[in-house]
Amino acid sequence: MGNITEFPSVPQPDPNQPKPEGRQMTPVKGEPLGVVCNWPPALEAALQRWGTTQAKCPCLTALDVTGKPVYTLTYGKLWSRSLKLAYTLLNKLGTKNEPVLKPGDRVALVYPNNDPVMFMVAFYGCLLAEVIPVPIEVPLTRKDAGGQQIGFLLGSCGIALALTTEVCLKGLPKTQNGEIVQFKGWPRLKWVVTDSKYLSKSPKDWQPNISAAGTEPAYIEYKTSKEGSVMGVTVSRIAMLSHCQALSQACNYSEGETIVNVLDFKKDAGLWHGILTNVMNKLHTISVPYSVMKTCPLSWVQRVHAHKAKVALVKCRDLHWAMMAHRDQRDVTLSSLRMLIVTDGANPWSVSSCDAFLSLFQSHGLKPEAICPCATSPEAMTIAIRRPGVPGAPLPGRAILSMNGLSFGVIRVNTEDKNSALTVQDVGHVMPGGMMCIVKPDGPPQLCKTDEIGEICVSSRAGGMMYYGLAGVTKNTFEVIPVNSAGSPVGEVPFVRSGLLGFVGPGSLVFVVGKMDGLLTVSGRRHNADDIVATGLAVESIKTVYRGRIAVFSVSVFYDERIVVVAEQRPDASEEDSFQWMSRVLQAIDSIHQVGVYCLALVPANTLPKTPLGGIHISQTKQHFLEGSLHPCNILMCPHTCVTNLPKPRQKQPGVGPASVMVGNLVAGKRIAQASGRDLGQIEDNDLVKKHQFLTEVLQWRAQATPDHPLFLLLNAKGTTVCTATCLQLHKKAERIASVLCDKGHLNAGDNVVLLYPPGIELISAFYGCLYAGCIPVTVRPPHAQSLTATLPTVRMIVEVSKAACILTTQTLMRLLKSREAAAAVDVKTWPTIIDTDDLPRKRLSQIYKPPTPEMLAYLDFSVSTTGMLTGVKMSHAAVSGLCRAIKLQCELYSSRQIAICLDPYCGLGFVLWCLCSVYSGHQSILIPPMELESNLFLWLSTVSQYKIRDTFCSYSVMELCTKGLGNQVEMLKARGINLSCVRTCVVVAEERPRVSLTHSFSKLFKDIGLSSRAVSTTFGSRVNVAICLQGTSGPDPTTVYVDLKSLRHDRVRLVERGAPQSLLLSESGKILPGVKVVIVNPETKGPLGDSHLGEIWVNSPHTASGYYTIYDNETLQADHFNTRLSFGDAAQTLWARTGYLGFVRRTELTAASGERHDALYVVGALDETLELRGLRYHPIDIETSVSRTHRSIAECAVFTWTNLLVVVVELCGCEQEALDLVPLVTNVVLEEHYLIVGVVVVVDPGVIPINSRGEKQRMHLRDSFLADQLDPIYVAYNM
């Protein structure tokens, strides 16, 4: 059988999709850079000129918090203070022989956004000292959003010195002893305060070195990439100067003009216009900080009015805020403005902001031709800017583009549907002295066709030169040579990629339609994050979300990008409002962009990570989303609608006939998959077996031969013995119970008796009492006094189904059964006779019952399966003896041995070990009721250590309790002297696939207190045969294999290497017991399968149960499950019992006790628990394991199906605000690892998922509670 690989289906391209039809574009040139005779040879020379000749002229005005001018820096002051700083940096920080700074070193500039004056002095001080300034944000906390990446930039630039102001330094977070904290990921920095009083005046003869501008670095501007990494764009002195010249020409700046700058002065247009071009042209900048805008949104308009400013630099946000606050100000005029430069003119919503602002402020003197959008990027600097128009001339046209065309990267004018059109305004012409081309966004830089969207590339002297310290990325960005469709280079001029997407329209006007960083490529179509934000904003949302607080990004899930929209919800929005808004946004995005949104999340106001100027930090938001730390308050996932690339569901092939499969296997040289334990006939046993066919006879014989030999010791939570039973005591007690049954109960041989006892020795006595009286015992777990409504109905059901004639119990439980609380749960009037066995009359039994044949029933074993099925099986006396003998041989049990048992004694192998084995083999059993561990976790391990036990048995619940509860207390265990080096076997009794991760954790944890790595193993049993495998003392250690999960879903076994993706670690379930044979069978055809093939495990053994005990004695089920034959290939016509479990047999290289090669049996899972989804077979535990790994706050998880939908229930052990974080994580992991779409995610409190005494999840009970709406969930997410 070849590899099974499920490939995601690849969406076929739409034959009608638009394709570009234009010719290849030719690069577009800007106007030549004019030669102005008095342009300085370097920017520093301009500063020197104005500082010495125009000292009184204003250079920069700073505002106070209320928006009033507080200080004006003149050109004279800027020059003198920059000089002082330059001198100090070079000469006063170290010693003469060892200066701290040398020209060319990098220095961090850490200045708050409300202090442009100190920043400007520091920036020019660095330029004059020929050190390279790297302006960054002021860190506010140890872990700012993106702070670690800034630290990486500082480290990669080799920065050891940070300049700041005294006030700023005082405000930085400090440690207890007053030192500045070490910011996460930052190098160690020396902080230098640049306030004037700390600077040294330079000597008369000291002059800075101002050379003509060349390609040496001038400054480094940081930029954050899509993934959140921070890179430094290095700008050379010549580029800085050329850019200032190009801006001066494009904006037509003239000396002495006043400009108002609302942008961040540390980077981008705020720096280029407000700090650099400003000095070039002796402009006067009024700097309006973000903090003032927050309190007084109209402040920039008032500044333009008050200073009669000619130019204002703004973003759409500032236009929007001014409109919102416009009513406060009637008498402002904007008639002085010749240019209103909108620096995010490249955004899709800039058109509407500009239009709205104009319509409102035209009456205040704003000229329509003054609105000048521009496009910029850190790498290419200013790409294009609209020049101020001539009054009265027609305004430039708009492009109305088809959204569908754009998603295929093609320009198509939209005529039909107004909704799915994108209106874009131009950002003017290419910059003076520049050249522009458009290349394909991915792959080699091939020139686009004229009707194709691509990445804008610019070639000019005014652009960045490199990413500092990153040679590889630099080459791909700053040294791009475009190629034609044949792949040959076009010219040799290198271009710089701008990171902006757009095209050149009619009249060489530049249009930008988005950013490379905002590109979301879903199923081969391109969408722009900003466009989707704009669509989200267009949905009337004022009641629900904040306008500027929407983040859109994509996450990669299941071989495609998936769109995630996150918005901040207003505190007063109701659940109703939110869901209405969310569903409208989904519809809008679907109809306008024809793309599905994978997840839409609303988070509480002010919780998204912020950029320094208040925007949303997208990459950090995405990281929070993927880590599960976003804490949404509302969430809507739509995997059903937007995951369209799942593989096709498997179609079941019409079956190949069983015989041809068999022949196929044999021809292929495959062995039939069967295995068996040692042969019982060849093993010598003492006379015991020959002499006594029945367990009752063995007990009587022991009571005579070794009356005082202790068989049982019962411990309490403190570890003290509360009860013991010797052979004689047990025999005597059994006799007294038998006589009570005959006298009080008037029972006849063959009547069924329910035993209702807590785990202990009374239960054992009652069991043998029943056998002595010829009654059939049925052990039942007693109801829990605190949860009668949940536990009593099961007791009632077993009493009814088993047709019990009488109930044996204790006085306490008898009172409970008849109590008012019990009456509320069941009908207490219909209990059969209840006899308490606390005070028994000392009465001899006239004779002990002896069954006529060993095939007679000994006891009934009732158990509720994980799927909620109650089944009772019949155990004959022959099966009991056979089982006890097999266990005795496998574990080498005899009377001088002690074993410790920490298990529930009500059904399966747990009952056999607790009640039967000691009587048969004569060893002493130390009984530890598992519930005692709840008050003393150390009980089981300290008992094993104290009694030097070699063999101990427990359940998964007990092992998990110890692993979780004692995990961090190993030192305490050592201190108590607990040592497990005596343990030879520690066996987990189970009826499921071995939980390898739990047994490994347990072994690893307690290795330090002597537990051998080979000790832990598991058993395997089922309803039809309670003990098929048990490791025992001899034979090879349990083996493990890694199998491929994908093949398993197809019912195939494919072995893979450790660490292979999608691999599952399986462990052998101990060794097959003596006398047991298993075969692996195709459950549909009932034909045997080959080695390493997955099929149902069938068993044949002397201790298989003799059938189901049901009210109706359903014969067909009986025949099918208990006495069934292979459809071919078995001449002996063996009768097999079907376990209902899937597994496989694999021949190993090891040698078994018999000297043959050892055949290992691997259990994969119960057939009736599997989920049929997409035509494949899934084991719930595999999905649950994936889910539990996704977030630290998932305590437990269970899955089931409901009307073809997969439901995942997770227990949340963290704080409730994490509840909704789990929904996308659960959906993602199940899709990625299992190719399934989760229908419902239910988040509940710890302890809600019901678990039985064996530690198995009761998924069907959980499903019933879910359907009956009884889970009281924290949150239920219905995925769309």
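Predicted model: local features only at pLDDT ≥ 70, side-chain atom pairs only at ≥ 80, totals over all residues.

Reader: How many helices and strands does the protein have?

Author: Helices (H or I, at least four residues) and strands (E, at least two) are DSSP runs, numbered from the N terminus. The protein has 36 helices and 55 strands. Its C-alpha trace spans about 130 × 70 × 60 Å along the principal axes.

Reader: What percentage of the residues of the protein count as buried?

Author: Buried means under 20% relative accessible area, exposed over 50%, and partly exposed in between (1.4 Å probe, protein chains only). Of the 1280 residues, 59% count as buried. Accessible areas come from the Shrake-Rupley method with a 1.4 Å probe, and for residues only the protein chains shown count as cover. The protein exposes about 51200 Å², of which carbon and sulfur atoms supply 53%.

Reader: Among contacts between residues at least 6 apart in sequence, what percentage join residues at least 24 apart?

Author: A contact means heavy atoms within 4.5 Å. Among contacts between residues at least 6 apart in sequence, 75% join residues at least 24 apart.

Reader: Which residues of helix α31 are buried?

Author: The general idea comes before the case. An α-helix has 3.6 residues a turn, so residues three or four places apart point the same way. In helix α31 (residues 996–1005), the buried residues are Val-996, Leu-998, Thr-999, Phe-1002 and Ser-1003. Seen down the axis of α31, these buried residues fall within an arc of 170°, so they line one face of the helix. The arc is that of the directions from the helix axis to the C-beta atoms.

Reader: Which exposed residues does the face of α31 turned away from its buried side carry, and against what do the buried residues pack?

Author: The face turned away from the buried side of α31 carries the exposed residues Ser-997 and Lys-1004. The buried residues of α31 pack against helices α28 (939–946) and α29 (956–966), as well as strands β42 (985–988), β43 (1016–1018) and β45 (1063–1067).

Reader: Is Leu-916 buried or exposed?

Author: Leu-916 lies in helix α27 (residues 908–921) and is buried, with a relative accessible area of 1%. Not counting residues up to four places away in sequence, Leu-916 touches Leu-695, Phe-767, Tyr-768, Tyr-859, Val-880, Cys-884 and Phe-911. The C-alpha atoms of Leu-916 and Ser-881 are separated by 9.2 Å, although these residues are 35 residues apart along the chain.

Reader: Where is Glu-800 found?

Author: Glu-800 is found in helix α23 (residues 788–801). Glu-800 is partly exposed, with a relative accessible area of 49%. Its C-alpha atom is separated by 9.0 Å from that of Trp-831, 31 residues apart along the chain.

Reader: How many salt bridges are counted?

Author: A salt bridge is a side-chain nitrogen of Lys or Arg within 4 Å of a carboxyl oxygen of Asp or Glu. By this rule the count comes to 44 salt bridges. In one of them, Asp-1159 pairs with Arg-1147, the closest N and O atoms being 3.0 Å apart. Asp-1159 lies in strand β49 (residues 1157–1166) and Arg-1147 in strand β48 (residues 1137–1151), so the pair ties together parts that are 12 residues apart in sequence. Asp-1159 counts as buried at 14% relative accessibility, while Arg-1147 counts as partly exposed at 28%.

Reader: Which residue forms a salt bridge with Glu-1218?

Author: Glu-1218 forms a salt bridge with Arg-1192, with the closest N and O atoms 2.8 Å apart. The pair links distant parts of the chain, 26 residues apart: Glu-1218 is in the loop between β53 (1205–1212) and α35 (1222–1234), and Arg-1192 is in the loop between α34 (1180–1189) and β52 (1194–1202). Glu-1218 is buried, with a relative accessible area of 5%, whereas Arg-1192 counts as exposed at 63%.

Reader: Which residues do salt bridges that share partners join into one network?

Author: The network joins Glu-1169, Glu-1184, Glu-1196, Lys-1257 and Arg-1259. Arg-1259 is found in helix α36 (residues 1259–1267) and is buried, with a relative accessible area of 9%. Not counting residues up to four places away in sequence, Arg-1259 touches several residues, including Glu-1169, Glu-1184 and Phe-1200.

Definitions and conventions. Residues numbered from 1 in each chain as written. Heavy atoms only, no water.
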